[in-house]
Amino acid sequence: MTRAKAKPRKRDPISQGVRFDVFRRDNFTCVYCGRSSPEVTLHCDHVEAHSKGGSDDKSNLVTACIDCNLGKSTKSVNKIHANAARLPANVGGLVGLFGHRIDDGGHIHNQFSVIGMADGETCIIQLYSFLDGSATVVEMVDVSEIRGNGYRLYATERAFKMAYWEEKERRGLLRNKTAEEAYEMSEWVEARLRGKAA
């Protein structure tokens, strides 16, 4: 005789009233990255994931922008704060830095900026598309990992962009252009695109 599978725990939607109370408590600001409405779409996020037994009580709910909520997924975040103004300090001076992930071959694989700290041991990074520079997803990365060999960090956006073009130049992918020329051309194109969008 086969046993019937247990039904997954039914998830009731969080009421609009509870959502509003949580958003108001958190000043309509994402507790992970500090962005606020109407700049971003806000979600009501479980600190301890619902799938791991987290309750729908307001003490387990925080305001998160859509990117941080999707990037966090079901990970738990320690020492979460209920107000973006009380987010952890810029631990180790990482917030505001730009970076690349490096693949197994030692080549640039992803590009990102560090946009916040979830706690003293976890960075929040915003990844960007290589195609058009648009923001893609937000992820959480351990500080020890981001300081490891699989990442490169830069203090300025120019240094970050130049590193990309310098790698292209080293690999012979620029066709009669220097990294500096390729960088200047990309900046010109980006400025033109911004002008058309305005």
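The side chains of K161 and E187 meet in a salt bridge, with 3.0 Å from N to O (a salt bridge is a side-chain nitrogen of Lys or Arg within 4 Å of a carboxyl oxygen of Asp or Glu). K161 lies in helix α4 and E187 in helix α5 (residues 179-197), so this contact ties together parts that are 26 residues apart in sequence. Helices (H or I, at least four residues) and strands (E, at least two) are DSSP runs, numbered from the N terminus.

The model is a predicted one: local features need pLDDT of at least 70, side-chain atom pairs count only at pLDDT 80 or more, and totals for chains, interfaces and linings use all residues. Residues are numbered from 1 along each chain as its sequence is written, and side-chain values use heavy atoms, with hydrogens and water left out.

**Salt bridges**

- A search of the whole structure finds six salt bridges.
- K161 also forms a salt bridge with E190, where the closest N and O atoms are 3.5 Å apart. This pair again links distant parts of the chain, with K161 in helix α4 and E190 in helix α5, 29 residues apart.
- E157, K161, E187 and E190 are linked in a network of salt bridges.
- R171 forms a salt bridge with E167, the closest N and O atoms being 3.2 Å apart. R171 counts as partly exposed at 44% relative accessibility, whereas E167 is buried, with a relative accessible area of 6%.

**Aromatic pairs**

- The structure holds five aromatic pairs (rings of Phe, Tyr and Trp, the last by its six-membered ring, pair if their centres lie within 6.5 Å; planes under 30 degrees apart count as stacked, over 60 as edge-to-face and the rest as tilted).
- One of them is the stacked pair of F130 and Y164, at 5.3 Å centre to centre and 20 degrees between the planes. This pair links distant parts of the chain: F130 is in the loop between β5 (122-128) and β6 (135-142), while Y164 is in helix α4 (residues 157-170), 34 residues apart.
- F130 is partly exposed, with a relative accessible area of 34%.
- Y164 and W165 form an edge-to-face pair, with 4.9 Å centre to centre and 75 degrees between the planes. W165 counts as buried at 19% relative accessibility.
- Ring pairs also link F98, Y154 and F160 into a cluster.

- Strand β5 is mostly covered, since six of its seven residues are buried.
- Strand β4 (residues 108-119) runs antiparallel to β5 and is joined to it by seven bridges (two strands pair if DSSP finds at least two bridges between them).
- These two strands, β4 and β5, form a hairpin with two residues between them. V114 stands opposite I125 in β5.
- Strands β5 and β6 pair in the antiparallel sense over six bridges. The bridge partner of I124 in β6 is M140.
- The hairpin of β5 and β6 has six residues between the strands, and in this hairpin G133 takes a positive phi near 75 degrees.

Key: Buried means under 20% relative accessible area, exposed over 50%, partly exposed in between (1.4 Å probe, protein chains only).
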